Amino acid sequence: MRQAQETIIEAGRTERHYWRDLWRYHELFLFLTWRDILVRYKQTVLGVAWAILRPLFTILIFSVVFGRLANLPSDGVPYALFVAVAILPWQFFASAFSDASNSVIGNAGMISKVYFPRLIIPASSVMVALVDFALSATIVVGLMAWYGVLPGWRALTLPVFVLLILASAMGAGLWFAALNVRYRDFRYVVPFVAQLGLYISPVGFGSSLIPEKWRLLYSVNPMVGGIDGFRWALLDSSQPLYWPGVQMAFVTSSLLLVTGVAFFRRTEKSFADII
Amino acid sequence: MTIAIRVEGVSKRYVLQHQQRERYTTFRDSFASAARRLGKRAIGKATHDSVTEEEFWALRDMDFKIDQGERVGIIGRNGAGKSTLLKILSHITEPTEGRITITGKVASLLEVGTGFHPELTGRENIFLNGAILGMARAEIQRKFDEIVDFAGVERFLDTPVKRYSSGMYVRLAFAVGANLDPEILIVDEVLAVGDAEFQRKCMGKMEEVGSSGRTVLFVSHNLPTVLRLCPRTLLLEGGRLIGSGESSRIIQTYLAAKALGTADRHGLSDVRRIGGMGERFRFTGCSVLNAQGMATNRLLFGEPISIRLDTVANEDIDEVSVAVGFDNYAEVRVATVLSEESGVLYDYSAKQTREITTRPQHFVLKPGRYFVTLGARRQGQPLDQLSQALSFDVDSVPWQEVQPPSETSGIVQVFAEWVGTDG
């Protein structure tokens, strides 16, 4: 005989079992991720190839405009490769962040009709972006083979930087997802952030171009540490890794994630009322 | 007998913001109203705020208990708080006050096909929807055949549901929900889907669920269904629990309460409005007129109907469009007539009153009870609104020689021409 579970619903009661519930619903999380991946490429002629084509064209354009025409320095590695290892993490961040931000209002129907820990929705959006990222990583593999660049032991640190970017995207995404429910203005801010971030983060250029005294401040953007980390891990570049920047990135991304989760948790109970 | 659901002093408050067309706010609005408040405080005078906030209690001091294995119906008019109650019990939204203790695993079916994605196939949607409703994958796999069989969509399992007919879609959606296996099942009006054959199947399923010792909470407008399925019924009105007991008794109370407000000339001036409705323009009275132009609450079948409205404007206001809606006993909208659609708009000067009569043409209501809903607006902005302001009955006695049809012929009365060409 199974022990009957008792649930108490009360105003302002924080769920004691929230994290356990989150685990209980992990299958829903997987299903939502699976749905979004499935739906994204259904009815497209090229299907999953889009996950590769999009960053590929961006790399191409960056290489021509910034590499050839503007002749930006690339720390002694082929520019295409130099920019590729930055564009992939950037696009991962940008799509994870914007999908997570819009995920809650995009699933309004579910939110107002079914209970589950709402955190699942933005989390599964970030998962989808991670899968796309994994697919697009083949570009870097291809480019490295083409240029005959072999990754060293540092490549093993890559998961740490992926985690760093994931945490930043999730944290920022949670803030925006929750704010979006109440203030739809944030829907317009999201693409703006994603677009602007591409230029202020060291994607087309190396962060070594930033004057030393500004460098720590510049690193407040966690993507600076993330992208630098990617370059350091994969390329045998002449530039050493700027450690204070990476530390700063860990601080800001954890801060984003912790406050993001806290804010989301605090507001999620009213989602069904105002969405 | 153990208690499955115990509800103690539960209330739910919503804050309504008026003068806003959209349900969500934008940051600009909040910013603007904050600035305005600040400005006012600085000037030191209280003016009427253009963005007013009004509290609205969707539920008030709800207290009840439901024993394990009980099947309980919940009835009440639209806006009585039924859906809010279910949403709180389902954990979707939290109460403002009070406490609910639930013993056992709950599953709610507030809508069929939540999370269904049109691009996904039937098979994929079964798994997705099952997961959304809280089923584990193994559980869905176990019940998969039963679900498919119940819905009768074997041949289309690998077709995207966007290619399904609406009937198939709804059957599949309901089938997933119907095979939930909780200790407590909360169902909102989802049985009103599909064709008669399928509805019978659904009813059978619900009875099966109920007789297997599970607790069922069932909201419906369909009173016969409630009567058949649930021995006990709760009656909600204006967010309060006003009755609880044996279903037949409660349903009678409900019908009697609904029948109130059938005075032949119904005064509407003092009916409470929310959201600034009726401030600039107001319906002050309404009556149903029979073929002789006499106010009544009883019409014969096939008798031409007129609705007379008494109106008043509090300020100069032009281009007022008036609408009258007819809802049947199940609160399904049967028809709406809009003056605007007939190219009629009314201009008012301040304090002007006007009597407006509308005569819907070729409009034959089947025997039964109907509710009249009134609305007035100007350029799409609502001025006054009264849901189910009064009710009237259409008798089964014919006005002319045409006999009323059987109850099963649908909700609309249609007279058709028939042509047969001999071959």
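Buried area is the accessible area, taken with a 1.4 Å probe, that two parts lose on being put together, summed over both. Between chain A and chain B this area is about 4000 Å², and carbon and sulfur atoms give 58% of it. The model is a predicted one, in which local features need pLDDT of at least 70 and side-chain atom pairs count only at pLDDT 80 or more, while totals for chains, interfaces and linings use all residues. Residues are numbered from 1 along each chain as its sequence is written, chains are lettered from A in the order in which they are written, and side-chain values use heavy atoms, with hydrogens and water left out.

**Interface of chain A and chain B**

- Contact (heavy atoms within 4.5 Å) links 41 residues of chain A with 48 residues of chain B.
- On the chain A side, A:I9, A:F31 and A:K113 lose the most area to chain B, together 18% of what that side buries.
- There are 3 salt bridges between the two chains, a salt bridge being a side-chain nitrogen of Lys or Arg within 4 Å of a carboxyl oxygen of Asp or Glu.
- A:E10 forms a salt bridge with B:R99, with 3.1 Å between the closest N and O atoms.
- In chain A, β1 (6-10), α2 (26-41), α5 (108-113), α7 (158-182) and α12 (271-274) each supply at least two residues of the side that touches chain B; helices (H or I, at least four residues) and strands (E, at least two) are DSSP runs, numbered from the N terminus.
- The largest share of that side, 8 residues, comes from α2(A).

**Cavities**

- A cavity is a set of points on a 1 Å grid over the protein atoms alone where a 1.4 Å probe fits but cannot get out, and its lining residues have an atom within 4 Å of a point.
- Grid points are joined across faces, edges and corners, and a volume is the space filled by probe spheres set on the points.
- The count comes to 5 cavities of 30 Å³ or more.
- The largest cavity has a volume of about 170 Å³; of the 16 residues that line it, A:D75, A:D228, A:R231, A:Q239 and A:P240 are the closest to its centre.
- Helix α10 (residues 222-234) of chain A gives the largest share of this lining, 3 residues.
- The second largest cavity holds about 110 Å³ of space, and its lining includes A:R40, A:F92 and A:D132.
- α3 (49-69), α4 (79-106) and α6 (120-147) of chain A each supply at least two residues of the lining of the second largest cavity.

How values were computed
On a 1 Å grid over the protein atoms alone, a cavity is a set of points where a 1.4 Å probe fits but cannot get out, and a pocket is an open set with protein on both sides within 12 Å along at least five of seven lines; lining residues have an atom within 4 Å of a point.
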